[in-house]
Amino acid sequence: MHSRALQNRPSGSSFGSRISVLLLAMFATMATVYVAGRLWQDAENRVYLIQELDKRTGQDQSAISVDDTLKLIACREQQKKLSDLEMDLAAATQEGFVPKHSSKIGGTHAKKKTLAVIGIITTFGRKKNRDAIRKAWMPTGAALEKLADEKGIIVRFVIGRSANRGDSLDREIDNENRQTKDFIILDGQVEATEEHPKKMKSFFIHAVENWDAEFYAKVNDDVYVNIDALGAMLTTHLDKPRLYMGCMKSGEVFSEPTHKWYEPDWWKFGDKKSYFRHASGELYVISKALARFISINRSILRTYAHDDVSSGSWFIGLDVNHINEPKFCCSWSSGAICAAV
């Protein structure tokens, strides 16, 4: 009897296999429930997204996939954000916002949009001229910044570097600039008389790349300027996108190599040897579009013996508004904007 009872008791291996089957069945049931739930959730999400798409597109039925729907919704959200940013930018533009110069004065008033950048062309050994200009018409220190902030006029002396880079000439200019902070130093431009036409091109390139102004002006360092009158005049020409204004003149082309004003390319100016009409180099103004033209085409714009002739040559083939302004013919007469000393 004892042996029969042992025969009727389930073996250990049989009992373990039943437990394994039970656990497997439970796991399969749970997995089925989980998968079904996920499928149901996905189905609900699909229905919701299609309904949303129908609301947005006005379609009763849609064959667009869930992925495409998500992309469409995300795209529309981005369009809305972009539209909001464009509205903010338009509002800022109306208020005179200018990139790189948007800080506030005293925390209350925004800086005025830059009207003009005036470059006073100077060279080594002309500190007396620069000091005379600072005393006569060019503000210094805080007043120089105030002129830029309140009237939108930037004024800087423009100079290149010595052919012997880092010599006493360069150091003198660096020391002066540390005190006055009123220079544009063209590091890639050699300061030499024969380099003046290239220096003018470098100035316009530097100015237009650093200030978004309406106009860019060139002045010699022996010229006195009525800066208020100049600013007032420029505001009357804001409607002219391609402006080239100055005291227009012509002049004889000298073909003799020994002459002071020798022009190596004299043969290009015809049998009468006369320069085309161009603004006198004492003071002239170009608009933003022309300054950008110079910057973009810097590598193919050639220069002649004189910086004013070179500047005029760049605009010969363009649809430019040449304005002969008698007030730019620097003299001490009443009403003149500039006077040469």
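Q: Which residues does Ser-313 touch, leaving out residues up to four places away in sequence?

A: In this predicted model, Ser-313 touches Phe-276, Arg-302 and Tyr-304 when residues up to four places away in sequence are not counted. Ser-313 itself is placed in helix α10, which covers residues 307-314.

Q: Is Ser-313 buried or exposed?

A: The category follows from the relative accessible area, and buried means under 20%. Ser-313 has a relative accessibility of 18%, so it counts as buried.

Q: What does the charged end of Arg-302 sit over?

A: The charged end of Arg-302 sits over the ring of Tyr-304, at 4.6 Å from the ring centre. Arg-302 and Tyr-304 are both among the residues that Ser-313 touches.

Q: How many aromatic pairs does a search of the whole structure find?

A: The search finds five aromatic pairs. One of them joins Phe-204 and Tyr-284, with 6.4 Å from centre to centre and 45 degrees between the planes, and this pair is tilted. Phe-204 belongs to helix α7 (residues 196-210) and Tyr-284 to strand β9 (residues 274-287), so the pair ties together parts that are 80 residues apart in sequence. Phe-204 is buried, at a relative accessible area of 1%, and Tyr-284 is buried as well, at 0%.

Q: Why is the pair of Tyr-244 and Tyr-284 edge-to-face?

A: The angle between the planes decides the label, and over 60 degrees counts as edge-to-face. For Tyr-244 and Tyr-284 the planes stand at 85 degrees and the ring centres are 6.2 Å apart, so the pair is edge-to-face. Tyr-244 lies in strand β8 (residues 243-252) and Tyr-284 in strand β9, so this pair ties together parts that are 40 residues apart in sequence. Tyr-244 is buried, with a relative accessible area of 0%. Ring pairs link Phe-203, Phe-204, Tyr-244, Tyr-284 and Phe-315 into a cluster.

Q: Which residues of the largest nonpolar core touch the most other members?

A: Nonpolar side chains tend to be buried together in soluble globular proteins. Here the largest nonpolar core has 36 residues, and those touching the most other members are Ile-118, Trp-137, Met-138, Val-155, Val-225, Leu-234 and Phe-328. Beyond its neighbours within four places in sequence, Val-225 is in contact with Trp-137, Val-219, Leu-230, Ile-337 and Cys-338. A second, separate core has 28 residues, including Met-200, Ile-205, Val-208 and Tyr-284.

Q: In which sense do β4 and strand β5 pair?

A: Strands β4 and β5 (residues 183-190) pair in the parallel sense over four bridges. The bridge partner of Val-158 in β5 is Ile-184. From β4 the chain crosses through helix α6 (residues 168-180) to β5, and this β-α-β crossover is right-handed.

Q: Where does Ile-159 lie, and which residues does it touch?

A: Ile-159 lies in strand β4, residues 153-161. It is buried, at a relative accessible area of 0%. Ile-159 and Ile-173 are 14 residues apart along the chain, and their C-alpha atoms are separated by 8.7 Å.

Methods
Residues numbered from 1 in each chain as written. Predicted model: local features only at pLDDT ≥ 70, side-chain atom pairs only at ≥ 80, totals over all residues. Heavy atoms only, no water. Helix = DSSP H or I, 4+ residues; strand = E, 2+ residues; numbered from the N terminus. Buried < 20%, exposed > 50% of the residue type's maximum accessible area, 1.4 Å probe, protein only. Phe/Tyr/Trp six-rings, centres within 6.5 Å; stacked < 30°, edge-to-face > 60°. Lys NZ or Arg CZ within 6 Å of the ring centre and 35° of its normal. Pairing = 2+ DSSP bridges. Right-handed = clockwise from strand over helix to strand, strands pointing away. Contact = heavy atoms within 4.5 Å. Core = buried A, V, L, I, M, F, W, Y, C linked by side-chain atoms within 4.5 Å.
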